[in-house]
Amino acid sequence: MTTTKLYHENAYIKEFNANIIQASPLPNNRWAVILDRTAFYPESGGQPFDLGYIDDLAVIEVQEDGENVVHILEAEPITRSVQGRINWERRFDHMQQHSGQHILSGAFYSILKANTVGFHLGKESSQIDLDIEFLTPENLESVEIAANQVVIQAQAVHTHWLNQSNLQNFPLRKPPAKDFSEIRLVEIANFDYSACCGTHVANTGEIGCIKILSWERKKNGVRVDFVCGWRGLADYQQKNTILHQLASCLSLPIPNVLNGVEKQLQKLETTTKELALLKQELHRNLAVTLYQQGEVINHHKLIVHTLTDASPNEVNYIAKELSSNPYTIALIAGVNQEQTKVHLVFSASSDVALHMGQEVKKILPLLDGKGGGNEQSAQGGGSNIGELPAALTLARENIRKQL
């Protein structure tokens, strides 16, 4: 006995009665249940499975097994006669997205002769893969307008079961595989004819809208990201709210927001460059001060210093500035803003007969860190910031003994 697929007969069935023809235990106390009839759509053709309840048990997954539909439940059903209830909000959303995909794919084909070679119905947006190398803003606008014209026209959506003999009566956008005995056709009157097993709206007007969000190159084609129906409204509401907030922050009317943002970015770029120059001058002056205060050991200068809220580049810059002086060794540490990591740079002038890579490795175990380098320069890092003073003291003593 096989499962009667009510979702193919009527995608708008929300509740139904059925009998269990098989129930099998699964790991994690779940059960696989096969019904004699079901309105739960299984995962297939790029469309996710339905959710809902069988009696009071949540349906957490639905899969096809040959001609049967398997419902994965959170526990064992108590009775053999059950009632199924579809999560209608989720189902209708999938219907809007899937029907919208047919129209969008049809528009891409009619305008650009681009075939859809893949479809994924996602949780927040959906994607189609096209066998075309590039898209322009003008392409996207033309396709989007054409697709929404079909939505506005409120065209009827029909389904047909066809065989090899009568398939030729319909102008399919994409030929099906040749080895079939029966195929389900979704017809959007006067626009698109595609083989499909998914659930669809009865009228294109129910889709509401089709909005292309973005596109990207993917292997030898492109991937188009889009939303339909209520998702399109939610996307508009979110972006409209952000735009109003941005306009308020800039004290500008909405049509002037883009120009205002561009001006702010230009100011930010100028300020960032000025700040970088000031920080460089500050670090240069700090290096001079540290050099003057450095410890003198047998004609060598040894400088040990810790920078707070410093980036690795800043630590490296100061260490290099110091070691540009003759007979100078700089042991500079920097702690990041989150106070979770320490960055070390040990740098020595070329006339110092020590190996900085070896010196930094001697203290890294204290910091739970790693690193290395050559005679003149070495870097390392670690997460045990509490041991940084002890680690630098050890490094200082090790170098003192060698000088």
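## Basis

Residue numbers start from 1 along each chain as its sequence is written, and side-chain values use heavy atoms, with hydrogens and water left out. Because the model is predicted, local features need pLDDT of at least 70 and side-chain atom pairs count only at pLDDT 80 or more, while totals for chains, interfaces and linings use all residues.

## Largest pocket

The largest pocket has a volume of about 350 Å³. A pocket is an open set of points on a 1 Å grid over the protein atoms alone, with protein on both sides within 12 Å along at least five of seven lines, and lining residues have an atom within 4 Å of a point. Grid points are joined across faces, edges and corners, and a volume is the space filled by probe spheres set on the points.

There are 17 lining residues in the largest pocket, and Gln101, Thr116, Lys174, Ser194 and Ala195 lie nearest its centre. Two or more residues of this lining come from each of α2 (88-112), β9 and β13 (192-195); helices (H or I, at least four residues) and strands (E, at least two) are DSSP runs, numbered from the N terminus. The most, 4 residues, come from β9. By class, the lining of the largest pocket holds 7 nonpolar, 8 polar and 2 charged residues. Here Ala, Val, Leu, Ile, Met, Phe, Trp, Tyr, Cys and Pro count as nonpolar, Asp, Glu, Lys and Arg as charged, and the others, Gly among them, as polar.

## Second largest pocket

The second largest pocket holds about 260 Å³ of space. Its lining residues include Pro48, Glu89, Arg90, Trp230 and Arg231. α2 and α4 (229-250) are the elements that give two or more residues to this lining, and the largest share, 5 residues, is from α2. The lining of the second largest pocket divides into 3 nonpolar, 3 polar and 5 charged residues.

## Cavity

The structure has 1 cavity of 30 Å³ or more, a cavity being a set of points where a 1.4 Å probe fits but cannot get out. The largest cavity contains about 30 Å³ of space. Ser105, Tyr109, Ala114, Asn115, Thr116, Arg173 and Lys174 line the largest cavity, which by class gives 2 nonpolar, 3 polar and 2 charged residues.

## Cysteines

The number of disulfides (pairs of cysteine sulfur atoms within 2.5 Å) is 0. Cys228 is in no disulfide, and the nearest cysteine sulfur, that of Cys209, is 7.1 Å away.

Cys228 is buried at 0% relative accessible area, whereas Cys249 counts as exposed at 66% relative accessibility. Buried means under 20% relative accessible area, exposed over 50%, and partly exposed in between (1.4 Å probe, protein chains only).

Ser125 lies in the loop between β9 (116-121) and β10 (126-130) and is buried, with 14% relative accessible area. Its side chain forms a polar contact of 2.8 Å with that of Asp225. A polar contact is a pair of N or O atoms within 3.5 Å; within protein, one must be able to donate a hydrogen and the other to accept it, and residues adjacent in sequence count only if both atoms are side-chain atoms. Not counting residues up to four places away in sequence, Ser125 touches (heavy atoms within 4.5 Å) Leu213, Asp225, Phe226, Val227 and Arg231.

His343 is in strand β19 (residues 342-348) and is buried, with a relative accessible area of 17%. The side chains of His343 and Gln379 make a polar contact (3.1 Å). Beyond four places in sequence, the residues that His343 touches include Pro312, Val315, Ile332 and Gln379.
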